[in-house]
Amino acid sequence: MMLDELAALLGYVDREDASKSDYLRAVEEDNCLAKRSGKTRRLTYRHLAELYSLDTAHILFRALRHFWKRDEAGRPLLALLCAYARDSIFRSTAPFILKCPEGTVINRESLEEFIDSQEPGRFSKATLKSTAQNINSSWTKSGHLNGRVKKVRAHPTPTAGSVSYALLLGYLTGARGQELFRTEYIKLLDCPRDKAIELAEEASRKGWITFKRVGDVIEVLFPSLINQQEQEWLREQG
């Protein structure tokens, strides 16, 4: 998930309208991430761009920046949601993590076996080990796991911003109304439906999203996040 690098980059380039070239310049020329060589800087930038796009033309990153600035406590889960949406290997491990009850010990070897079972033989032993280590680290950063060496299943703390971002991701996939609170993105937060609704109401009061509820009828809109071109595309898809 590269949470520390993402936080340092977004803190250095502290403008929501920054271009992708601004992020590239910050990493490669200004060395805002304090990497030792030009090669490492380029590699770090490439990995961050793969996970988060770093391009405000893409709604996933534009919305990430929007909530990142407004919800500091939610930043680990915001990063998790974006990485989950964009990285297929990381996404494939979610069922393995989420099915484990709180207190379950999750070691690297068991995660390696799970990853290998999804696409047998795709990764070498060394790559499998490093991939499992990185993924375990990401789930730890997000709050789904606790511990340094011994990883134990825990529950993260969802926030108004992370729930709003999860609702937006669900909206982009076509979910509407009540279904927005049943998507894989809300499930990723370990957030019960009633709590998610409560946090959505909080986000609406803050003006981050629009949340309306009359009885069992729910409407969630994102007027400050989805531009007209994107809205037209969503209508066509619908």
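**Briefing: helix packing, core and selected residues**

Setting aside residues up to four places away in sequence, Val220 touches Leu167, Tyr171, Leu180, Phe181, Ile209, Thr210 and Phe211. The structure is a predicted model. Val220 belongs to strand 4, residues 217-221, and it counts as buried because its relative accessibility is 3%. The points below cover the core, the packing of helices and individual residues.

- The largest nonpolar core holds 77 residues, of which Leu9, Tyr52, Tyr165, Leu167 and Phe181 touch the most other members.
- Phe181 is in contact with Leu167, Ile186, Arg193, Ala196, Ile197, Ala200, Phe211, Ile218 and Val220, when neighbours within four places in sequence are left aside.
- Between Val220 and Gln178 the C-alpha to C-alpha distance is 9.3 Å, with 42 residues separating them in sequence.

**Helix 4 and its two partners**

- Helix 1 (residues 3-12) packs with helix 4 (residues 59-70) at an angle of about 80°, and the axes are 12 Å apart.
- Helix 1 and helix 4 are therefore roughly perpendicular to each other, as angles of 65 to 115 degrees are classed in this way.
- In this contact, Leu3, Leu6, Ala7 and Leu10 of helix 1 meet Phe61, Leu64, Arg65 and Trp68 of helix 4; the residues divide into 7 nonpolar, no polar and 1 charged.
- Helix 4 also packs with helix 5 (residues 75-86), at an angle of about 170° and with axes 10 Å apart.
- Helix 4 and helix 5 are therefore roughly antiparallel.
- From helix 4, the contact with helix 5 draws on Leu60, Leu64, Phe67, Trp68 and Lys69, and from helix 5 on Arg75, Leu78, Ala79, Cys82, Ala85 and Arg86. By class, this contact has 8 nonpolar, no polar and 3 charged residues.
- Leu64 and Trp68 of helix 4 take part in the contact with helix 1 and in the contact with helix 5.

**Helix 8 and its buried face**

- Helix 8 (residues 108-118) has Leu111, Glu112, Phe114 and Ile115 as its buried residues.
- Viewed down the axis of helix 8, these buried residues fall within an arc of 165°, so they line one face of the helix.
- In an α-helix there are 3.6 residues a turn, so residues three or four places apart point the same way.
- The buried residues of helix 8 pack against helix 6 (88-92), helix 7 (94-98) and helix 9 (125-142).

**Asn136 in helix 9**

- Asn136 is located in helix 9 and counts as buried, since its relative accessibility is 4%.
- Apart from neighbours within four places in sequence, Asn136 is in contact with Ile106, Asn107, Arg108, Leu111, Leu145 and Lys151. One of these, Leu111, is a buried residue of helix 8.

**Positive phi outside glycine**

- Ala34 is not a glycine, yet its phi is positive, near 55°. Ala34 sits in the loop between helix 2 (20-28) and helix 3 (38-52).
- Ala34 is exposed because its relative accessible area is 63%, and exposed residues are those over 50%.
- Ser53, likewise not a glycine, has a positive phi of about 70°. Ser53 lies in the loop between helix 3 and helix 4.
- Ser53 counts as buried because its relative accessibility is 2%, and buried residues are those under 20%.

Technical notes: Residues numbered from 1 in each chain as written. Predicted model: local features only at pLDDT ≥ 70, side-chain atom pairs only at ≥ 80, totals over all residues. Heavy atoms only, no water. Axes fitted to C-alpha atoms, helices over the stretch in contact; angles between N-to-C directions. Helix = DSSP H or I, 4+ residues; strand = E, 2+ residues; numbered from the N terminus. Parallel < 35°, antiparallel > 145°, perpendicular 65-115°, else oblique. Contact = heavy atoms within 4.5 Å. Nonpolar A, V, L, I, M, F, W, Y, C, P; charged D, E, K, R; others polar. Core = buried A, V, L, I, M, F, W, Y, C linked by side-chain atoms within 4.5 Å. Buried < 20%, exposed > 50% of the residue type's maximum accessible area, 1.4 Å probe, protein only. Arc of directions from axis to C-beta.
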